[in-house]
Amino acid sequence: MTAPVADGLLFSVDFEDFSHDLKRDLGLWDTGPLRGDALWRAWEEIAGFLARHDDAKITFFCTGIVAERLPDLIARIAADGHEVACHYHMHDEMDRQTAAEVECNLRRAIDLLSAASGAPVRGFRAPKFRIEKRDPAQYQVLERLFDYDSSYFTDRPDGLAAFRARMGLTRLALLPIYSGRPHPRLPAMKLGGSYFKLFPGAISDRLIAGAKAAGMQPHIYLHPYEFCKTGDFLLSQAELAPLGLKNRLYWTLRQHQWSTVGNGSVARKLDAILTRLRLLGRLCDQPGMPETG
Ligand SMILES: [Zn+2]
């Protein structure tokens, strides 16, 4: 049920419009236009990176709203041979929603993503990894709708069997993300996202070594905005104005942490890792997947 560890690296992208989703998180809107040009540019950055690495194929966890507004972009990702998987409909914290809401949002996203990509949607990752893990109801929905999930993070894979039993999982494969302490004085970090971008490559190297030592497949996840060097997904001062001065200043600084600081380093750090580890391809093609249908 859990894929065995191979000698290589899994790499996936959570393909979302950061500016749209942050405005929703901050209560600035329910939804609005996506930054389509920025998402296309980010895709081209990522595609260029993959082309330099033997034209590798990977998995893109895409939000349903991107498929709804930019179906041609999702079609392009699929046409280039990548897997289009699901990253929920909006970028919402699922653990704040009921299982019925979750199922409704997932079905909507799956319909949009499969229509745009022309392929079945087999995998899922929860926005911010926030799926309810204390009660099995949300994982039971995943078990019905998907072949695999990549929302679980740990440094103790020996706990996976107990987690599966608590969630009542019999079929769904789990592709967990390693989250461990790269140094006794540092907190636990996931292998990807802002940790990968903001910290030196040596930290990611330690996390990769930690994953291997724990018997977990090293798996790096990143986002479109981390590949953009021009702040394409930054909210403007006018967009942040309704928050008031104090919050506007806070979020002005905070969003730079995601959208600009260290963004030029991402491809370089990945390049260095890929001199030692090969990319293992799309998640749906990994060993340990259940039979479809
Ligand atoms: Zn996300």
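The model described here is predicted.

**Helix H5**
- Helix H5 covers residues 99-117.
- Its buried residues are Val102, Leu106, Ala109, Ile110, Leu112, Leu113, Ala116 and Ser117.
- The cover over these buried residues includes strand E2 (59-62), helix H3 (64-69), H4, strand E3 (83-86) and helix H6 (137-145).
- Glycine 118 follows H5 and has a positive phi, near 75°.

**Crossing of H4 and H5**
- The axis of helix H4 (residues 71-79) comes within 7 Å of the axis of H5, and the two cross at roughly 65°.
- The crossing of H4 past H5 is right-handed.
- H4 contributes Pro71, Ile74, Ala75 and Ala78 to the contact, while H5 contributes Leu113, Ala116 and Ser117.
- Six of the residues in this contact are nonpolar, one is polar and none is charged.

**Nonpolar core**
- The largest nonpolar core has 78 residues, and those with the most contacts inside it are Cys62, Val66, Ile74, Cys86 and Leu113.
- H5 supplies the largest share of this core, seven residues.
- Leaving aside residues up to four places away in sequence, cysteine 62 touches Phe15, Ala67, Ile74, Val84, His87 and Leu113.
- Ile74 and Leu113 also belong to the contact between H4 and H5.

Terms used: Residues are numbered from 1 along each chain as its sequence is written. This is a predicted model: local features need pLDDT of at least 70, side-chain atom pairs count only at pLDDT 80 or more; totals for chains, interfaces and linings use all residues. Axes are lines fitted to C-alpha atoms, for helices over the stretch in contact, and angles run from 0 to 180 degrees between N-to-C directions. Helices (H or I, at least four residues) and strands (E, at least two) are DSSP runs, numbered from the N terminus. A crossing is left-handed if the near helix is turned anticlockwise from the far one by less than a right angle, and right-handed if clockwise. Two residues are in contact if their C-beta atoms, placed from the backbone, lie within 7 Å. Ala, Val, Leu, Ile, Met, Phe, Trp, Tyr, Cys and Pro count as nonpolar, Asp, Glu, Lys and Arg as charged, and the others, Gly among them, as polar. A residue is buried if 20 or more other C-beta atoms lie within 10 Å of its own, exposed if 12 or fewer, and partly exposed in between; C-beta atoms are placed from the backbone. A nonpolar core is a set of buried Ala, Val, Leu, Ile, Met, Phe, Trp, Tyr and Cys residues joined through C-beta atoms within 7 Å.
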